[in-house]
Amino acid sequence: MCHLFVYKNTDKQTSSIENKPNEMLEARQSEKNENECVTEVYGIIHVIIPQDISNNIYTNTLLLHPSPEYSMSVLDIQYKDQNGECRRIETYPTKQVDNKEVPVEITEAGELVFSFPKRKITELQIKVKQPY
């Protein structure tokens, strides 16, 4: 049997989710076999770069250090420029599939460094996957 609990994202940090029953949005119980349960969790790390500090808008290096190390896969990294356009950073690995460039999954990611031409960036989106 699988259980899925979805909680609000709050500023309060507690040691366990059991301490937040009032914050629960939804609880589902599934009668599926354990082999059919969730085995991976996907997420997007969304970073908004403060614009009030002028030195921060010019960015050319991104350092990722997953914790625990080698516990996740990186699926893609994109940035948003001041015109609102989203683009993949140039140094993220890609491959051609049906004449289209697609990102390559970086499995069991350790410390990663991506350098790219200096430009004005307002946001970063890092797509990740982690075993559950």
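## Close-up views of the predicted model

Glu105 counts as partly exposed because its relative accessibility is 33%. Partly exposed lies between buried (under 20% relative accessible area) and exposed (over 50%), using a 1.4 Å probe and protein chains only. The model is predicted, so local features need pLDDT of at least 70 and side-chain atom pairs count only at pLDDT 80 or more, while totals for chains, interfaces and linings use all residues. Residues are numbered from 1 along each chain as its sequence is written, and side-chain values use heavy atoms, leaving out hydrogens and water.

**View 1. Glu105 and Lys129 meet in a salt bridge.** The N to O distance is 3.0 Å. This pair links distant parts of the chain: Glu105 sits in the loop between strand E8 (100-103) and E9, Lys129 in strand E10, 24 residues apart. Strands, E, are DSSP runs of at least two residues; helices, H or I, need at least four; numbering starts at the N terminus. A salt bridge places a side-chain nitrogen of Lys or Arg within 4 Å of a carboxyl oxygen of Asp or Glu. Lys129 is buried, because its relative accessibility is 14%. Glu40 joins Glu105 and Lys129 in a network of salt bridges.

**View 2. Lys80 and Glu123 form a salt bridge.** Their side chains meet at 3.9 Å, N to O. Which of the two accessibility classes, buried or partly exposed, applies to Glu123? Glu123 is buried, because its relative accessibility is 18%. Lys80 counts as partly exposed, at 25%.

**View 3. Glu85 and Arg87 form another of the six salt bridges in the structure.** Their closest N and O atoms are 2.4 Å apart. Glu85 has 35% relative accessibility, so it counts as partly exposed. Arg87 is also partly exposed, at 42%.

**View 4. Strand E10 pairs with E3 and with E5.** Two strands pair if DSSP finds at least two bridges between them. E3 (residues 40-48) and E10 run antiparallel, over nine bridges. Glu40 has Pro131 as its bridge partner in E10. E5 and E10 are also antiparallel, joined by seven bridges. Here Asp76 has Lys127 as its bridge partner in E10. The protein chain holds 10 strands and zero helices.

**View 5. The largest nonpolar core has 18 residues.** Leu62, Leu64, Val74, Ile77 and Phe114 touch the most other members. Two or more core residues come from each of strand E4 (58-64), strand E5 (73-80), strand E9 (112-120) and strand E10 (123-131). A nonpolar core is a set of buried Ala, Val, Leu, Ile, Met, Phe, Trp, Tyr and Cys residues joined through side-chain atoms within 4.5 Å. In soluble globular proteins, nonpolar side chains tend to be buried together.

**View 6. Phe114 and its contacts.** What does Phe114 touch, not counting residues up to four places away in sequence? Its partners are Asn60, Thr61, Leu62, Leu64, Ile77, Ile89, Thr91, Tyr92, Pro93 and Ile106. Contact means heavy atoms within 4.5 Å. Across the protein chain, among contacts between residues at least 6 apart in sequence, 69% join residues at least 24 apart.

**View 7. Val38, Val41 and Tyr132 form a nonpolar surface patch.** Together they have about 330 Å² of accessible area, from the Shrake-Rupley method with a 1.4 Å probe; for residues, only the protein chains shown count as cover. Patch residues have over 30% relative accessible area and no salt bridge; nonpolar side chains (Val, Leu, Ile, Met, Phe, Trp, Tyr) are joined within 5 Å, like charges within 9 Å. Tyr132 lies in the segment after E10. It is exposed, because its relative accessibility is 66%.

**View 8. Asp98 and Asn99 have positive phi values.** Phi is about 55 degrees at Asp98 and near 60 degrees at Asn99. Neither residue is a glycine. Asp98 lies in the loop between strand E7 (94-97) and E8, and Asn99 in the loop between E7 and E8. Asp98 is exposed, with a relative accessible area of 75%. Asn99 is exposed at 78%. Most residues other than glycine have a negative phi, and most peptide bonds are trans.

**View 9. A cis peptide bond joins Ser67 and Pro68.** Omega is about -5 degrees. Pro68 is found in the loop between E4 and E5.
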